[in-house]
Every structure is written in structure tokens, then in C-alpha cells.
Amino acid sequence: MTERYDISLNTPAGQLTSAVEVPTGFVPVSAIVPMMRRLGEEAQALEERRSIEAGRAISCQKGCAACCRMLVPVSAPEAFALREYVQTLPEAEQTRLAQRFAVTRTALLARGLWNRLIEMGESTDPPDDAALEPINRAYFALRLPCAFLDQDVCTIYEHRPAACRELLVTSPAEWCQDPVAHPVDALPVPVRIGPALSLLWGELTEQPPKLIPLATALDWAARHEQENRPRWQGTHILDRALDKVWRFLSQAFQKES
Ligand code: SF4
């Protein structure tokens with residue numbers, strides 16, 4: 001059973017109104033992921049419209065996958081949701097993905113990055129942006145394609161993490177090949193859904209929020225499987241999730257003022 005809720009959020013780019021179907025029963029925290037991603041995309045669509053009206057069109061397009069070679073952070077609920085999705089795929093597809101993730105792991109081990117990424121996902125004190133910067137650079141220097149990328153197309157497009165949805169640029173697409181030489185103009189993100197989900201998970205499970213690199217996310221979700229077993233009422237998860245969204249929106253308004 002689900003219950004429909006109308007949501008109205010004031011964002012720096014305008015009023016967002018949306019309707020969501022929320023389970024009335026008890027569900028794991030990963031159940032909120034699709035709804036949160038959609039809210040984030042709707043907020044982002046308002047930003048896109050504002051950018052286009054200001055004469056700054058989005059340069060991102062299908063087949064341009066420079067950002068799919070960057071380190072992508074995901075929240076614990078997203079890692080669980082990704083694992084659940086992968087487990088619904090046909091056996092052959094799961095095997096193919098497992099092989100791709102194994103190739104990624106081998107490449108990261110060879111460069112001494114794998115253990116750092118595993119430590120990051122386990123840390124009770126996730127790195128801030130400054131601490132993350134050298135790891136981001138070392139990772140991007142490898143130009144290692146995401147294991148979900150096939151011929152420069154995302155194979156899990158509808159299920160991709162929020163961080164992948166939020167990186168949109170208005171600078172020339174080719175600049176993304178070398179953002180150190182050409183810092184890109186990224187569209188502002190009014191609500192970072194990954195960090196909002198991390199805070200939500202931290203509150204519900206009374207644990208510190210986690211920052212999990214996508215390359216290690218399936219591995220992380222398998223190791224932490226028991227942490228996705230607790231259930232909460234869907235309406236309670238929605239209420240706490242919106243509390244985190246409002247927190248990010250108020251920060252976005254403060255930045256604008
Ligand atoms: S999940 Fe998809 S969009 Fe995100 S980095 Fe991987 S291939 Fe790219």
C-alpha cells in the first residue's frame with residue numbers, strides 16, 4: 001500500500017511541486033532512493049531552465065562520458081539500492097558486471113588506490129572536499145571507466161547514483177577531459193541527494209554518514225548487507241528525508257544571498 005503526498009519546495013531556482021507515492025508499511029531505507037533521486041532531478045531541472053534562460057546551455061550529451069572516469073561518491077542507501085538492482089539482472093549480465101568490477105579492482109590495486117577507497121567507505125569520519133581532492137585527482141588520472149559504462153553509455157542509466165545526475169556543465173564538453181587544465185563550469189546543485197541520503201541513513205541507523213566510492217559500492221553493500229535489514233515506516237523515512245532536503249536548500253539560499 002502506498003499513500004500519495006504532494007510536496008512543495010522552495011528552491012533558489014524556483015518553486016518545485018511534486019507528488020510522491022510513499023509505502024505506508026515498513027520498508028528498508030533503500031526504498032526512498034528512487035523518490036529522492038527524482039526530487040533531486042526536478043530541482044536540477046529548475047536550475048537547468050534558469051541557466052538556459054541566462055544563455056548558458058548545458059553541454060552534457062549522450063556518449064560524452066568524461067565524468068564516468070571520475071570518482072563517484074554514493075551514500076549507503078544508494079549502495080544498497082544498486083546492489084538490489086544488480087541482483088535483478090539476468091545471470092549473464094551479473095557475471096559480465098562482476099568481471100568489469102574485478103578489472104576495476106585490479107587496476108586500482110595496482111595503483112595503490114583500492115585500499116584507500118575501501119578505507120574511505122568504512123571511515124566513521126568521511127573526508128571533506130579538501131581531503132578528497134588528491135584522491136579525486138589520482139583516480140581521474142587513471143582514466144578508468146566506470147564498471148557500469150559500456151561503449152561510453154551508462155548501462156544503469158535509470159538507476160545511476162545521484163552524483164552522476166548532478167554533474168552538468170555549461171563549459172565546453174571537451175574541457176571535462178582535463179578539468180585541471182580547464183576548470184569546468186558546473187551547474188549549481190540545490191540539493192545534493194547523495195549527502196542528504198547519507199545524513200538520513202546516519203540518523204536512522206545512529207551511525208556516522210558514509211561516503212562510499214562507486215567502484216567499491218557493490219562490495220561495500222555486500223559486506224554491510226545486515227545494515228539494510230532494519231525497516232521503518234515509509235512516511236517516517238519520507239519525513240526525515242525531507243528534513244535533510246530542507247537543510248540543503250537553506251544552505252543553497254544562504255550561498256545565493
Ligand atoms: S553509473 Fe553510469 S553515469 Fe555514473 S559514472 Fe557509472 S557509467 Fe557514468
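Two strands pair if DSSP finds at least two bridges between them, and helices (H or I, at least four residues) and strands (E, at least two) are DSSP runs numbered from the N terminus.

**Entry 1: setting up.** I noted that residues are numbered from 1 along each chain as its sequence is written. I also noted that this is a predicted model, in which local features need pLDDT of at least 70 and side-chain atom pairs count only at pLDDT 80 or more, while totals for chains, interfaces and linings use all residues.

**Entry 2: the E1 and E2 strands.** I looked up how strand E1 (residues 2-11) meets E2, and found that ten bridges join them and that they run antiparallel. A hairpin through two residues connects E1 to E2, and Thr 11 has Gly 14 of E2 as its bridge partner.

**Entry 3: Gly 194.** I found Gly 194 in helix H7 (residues 193-205), and it counts as buried because it has 26 C-beta neighbours inside 10 Å. Leaving out residues up to four places away in sequence, Gly 194 touches (C-beta atoms, placed from the backbone, within 7 Å) several residues, including Pro 73, Glu 78 and Pro 161. The C-alpha atoms of Gly 194 and Arg 37 are separated by 8.7 Å, although these residues are 157 apart along the chain.

**Entry 4: two loop residues.** I looked up Arg 143, which lies in the loop between helix H5 (129-141) and strand E5 (149-150), and which has a positive phi of about 50° although it is not a glycine. Arg 143 counts as exposed because it has 10 C-beta neighbours inside 10 Å. Asp 152, in the loop between E5 and strand E6 (153-154), has a positive phi near 60° and is likewise a residue other than glycine. Asp 152 counts as exposed because it has 12 C-beta neighbours inside 10 Å.

How values were computed
A residue is buried if 20 or more other C-beta atoms lie within 10 Å of its own, exposed if 12 or fewer, and partly exposed in between; C-beta atoms are placed from the backbone. Two residues are in contact if their C-beta atoms, placed from the backbone, lie within 7 Å.
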